[in-house]
Structure formats: C-alpha cells, structure tokens
Amino acid sequence: MVKESQKIVAVDQDIPVIDMSLERSRVSMQIVKACETSFWFDSWSSLGCIIEKLGERGYIDLGIPKTATVGEVMAMQRRRHHRTGLLNQIEEEITKQRMCNIAGERDIALWKGEKDSYRNKFVTSETWRQIRNAKPEMEGYKGVWFSHSTPKYSFITWLVSKNRMATGDRMVLWNQHVNTSCSLCDEPMETRDHLFFVCTYSRKVWEDIAKPILQHRFSLDWKDILNYVCERDSDKTRNFIIKHVFQNTIHSVWGERNARRHGEQPSPVGKLVKMIDKNMRNKLSTIRCGGRLTYEDGLQFWFASRQNLI
Ligand SMILES: [Zn+2]
C-alpha cells in the first residue's frame with residue numbers, strides 16, 4: 001500500500017516533489033522523479049506550469065536556466081527576493097516543496113482518480129474524464145452512436161439529426177438561385193423532415209423496411225422516429241435492427257438524392273430496399289461469425305420481418 005506521503009515525494013537527490021497537474025502533460029499522473037521534472041515546463045506545484053505564468057522572460061527574472069530540472073533548482077543557492085509578487089510566490093513554492101522533503105523514500109508514480117484520489121492503478125476511463133472538457137449530451141445520441149453500428153451510417157445520421165445536410169431549404173440561404181426542389185419527388189422545397197420520410201419516394205423505402213418491425217409504432221415523422229430509436233427497448237435485437245436499418249435507409253436515400261442531383265438515372269424503390277436488406281443480413285452474419293452471442297436471433301428476426309410474419 002502506498003503511503004500518503006509518498007505521493008508528493010521524489011527522493012532521488014532527496015528532492016521533494018510535487019504534484020504534476022493535468023495542464024501540461026495532459027495525463028493525470030503525479031511526478032516520478034524530480035531530477036527528470038522540468039522546472040519550467042512541468043506543472044510541479046499549485047501554480048501550474050511556470051513558463052505559462054512568466055513567459056521566456058522568467059529565465060532571467062528568476063535566474064533559472066530553461067533546461068533546469070526541479071531537482072537542480074532545489075539544490076541551487078539563489079537570490080530569493082523579487083519586486084514582483086508572482087516571482088516571490090514561486091520562490092515560496094520552491095521553499096514549500098523543499099520543506100516537504102522526506103529522505104529515503106523511493107520514487108513512485110500514482111494516477112489521479114476520482115475525487116482527487118491517487119492510486120497506482122491506471123484506469124483509462126478516469127483519466128479520460130479528467131483530460132476532456134465535458135459537454136452536454138447530444139439529444140438522440142443513443143439512436144446515432146451504438147455498438148455494432150456502421151460508422152458511415154452513424155455519421156450521416158448524426159449530420160441529419162443536427163440538420164446539417166445541404167438540403168434545399170439550407171442551400172437557398174447560401175445561394176438564392178439554387179434549385180430547392182426535392183430530386184426524388186419534385187416537391188418545391190426539400191427539407192430534412194421532407195426527405196426523412198415524408199417524401200413519396202423515401203416514404204416507400206422506409207415503409208417497406210420499417211413497418212413490419214415497428215407495426216403500430218410506425219411513423220413517417222422524423223422526431224417520432226428518432227425518439228423511438230432512442231428508447232430503451234426490452235427486445236435488444238429489435239432495437240439494434242431498427243437502429244441499423246434507420247441509419248442505412250438515411251444513407252441510401254441521401255445517396256439516391258445526390259445521384260439524381262448529379263444527373264444519374266433514378267433507382268427504383270425496390271433496388272434500395274434490396275440493398276438495405278442485404279446490408280442488414282451481412283451485418284447480422286458478421287456479428288454472429290465474430291463469435292458474439294449478442295443478437296444471436298437477429299437473422300431469424302430479420303427474415304421473419306421481411307416475410308411480414310411478426
Ligand atoms: Zn421528395
């Protein structure tokens with residue numbers, strides 16, 4: 001068991017140390033050796049990284065070389081009084097750390113954990129929580145990012161859920177002369193909610209794919225669908241399948257929309273449905289072949305839905 005005192009002491013050269021904060025090193029690890037810790041560039045005291053406080057002028061003001069380690073500074077005989085408050089504060093930190101010196105201990109490394117506790121075990125999640133800036137959770141993220149999802153489908157779904165796609169109603173804000181109509185059905189104003197899935201073309205694709213699974217919960221309204229796919233479903237297989245086909249349908253409809261905008265021949269609804277069906281089978285087979293028992297009954301469920309048996 002590591003003693004409390006050990007976490008602030010590095011004993012090579014009997015030098016006291018030192019809390020290495022997150023700011024510079026970007027890891028929540030305490031100091032290992034004072035003789036290896038940069039006085040200027042490591043955050044070895046409560047003041048943080050000294051170079052960030054003083055700038056390069058500090059080398060002269062404190063009379064400490066750029067390459068000095070904490071250990072070397074502790075061993076130096078130097079002028080102690082300055083005109084500037086901050087410089088005196090740094091001197092106090094040096095004195096304070098010197099006073100904490102405990103001889104004879106071995107250096108150890110401790111990882112900062114929750115509630116500022118320290119331990120010798122490294123936990124990725126705890127370190128990650130400390131080095132990142134937490135932002136509010138995205139609304140509907142459970143329907144976008146989930147285990148076994150296909151990244152390119154998730155990415156496009158994320159953009160659509162943020163309404164960041166170049167649909168007609170958004171493009172006209174950048175260029176008033178742009179053609180804003182839906183390339184799938186000629187509706188004069190193409191919007192996110194129209195494409196997914198009010199449009200007569202995309203609606204047929206979504207109906208064919210999702211109605212057998214969603215049954216009475218089936219909807220063409222974007223927000224209704226997003227709410228549904230984010231719900232915690234007791235049937236995990238159904239939940240996974242609906243999320244996956246939802247994303248795949250978005251990807252396919254957007255691809256068809258782009259193809260038509262660039263003058264390609266329109267694909268019939270049946271072609272998109274067939275492609276989504278094939279992708280779903282491949283996905284479920286891949287998960288099963290990977291030796292995972294998750295969604296073991298997925299293929300059976302999917303085949304049944306395609307035959308309208310459930
Ligand atoms: Zn349309």
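**View 1. Helix 10 bends by about 40 degrees at E207.** The bend is the angle between axes fitted to the seven residues ending at a residue and the seven starting there. Helices are DSSP runs (H or I, at least four residues) numbered from the N terminus. The model is predicted: local features need pLDDT of at least 70, side-chain atom pairs count only at pLDDT 80 or more, and totals for chains, interfaces and linings use all residues. Residues are numbered from 1 along each chain as its sequence is written. Just after helix 10, Q215 takes a positive phi of about 50 degrees.

**View 2. Helix 10 (residues 200-214) and helix 13 (residues 269-289) cross at roughly 40 degrees, their axes coming within 9 Å.** The contact (C-beta atoms, placed from the backbone, within 7 Å) is made by Y201, K204, V205, D208 and I209 of helix 10 and by V269, L272, V273 and I276 of helix 13.

**View 3. The buried residues of helix 10 are Y201, S202, V205, W206, I209, A210 and L214.** A residue is buried if 20 or more other C-beta atoms, placed from the backbone, lie within 10 Å of its own. These buried residues pack against helix 9 (192-198), helix 12 (236-261) and helix 13.

**View 4. Residue I250 lies in helix 12.** I250 is buried, with 25 other C-beta atoms within 10 Å. Leaving aside neighbours within four places in sequence, I250 is in contact with I156, T157, V160 and F196. I250 and I156 are 94 residues apart in sequence, yet 7.6 Å apart in space, C-alpha to C-alpha.

Key: Axes fitted to C-alpha atoms, helices over the stretch in contact; angles between N-to-C directions. Helix = DSSP H or I, 4+ residues; strand = E, 2+ residues; numbered from the N terminus. Contact = placed C-beta atoms within 7 Å. Buried ≥ 20, exposed ≤ 12 C-beta atoms within 10 Å, placed from the backbone.
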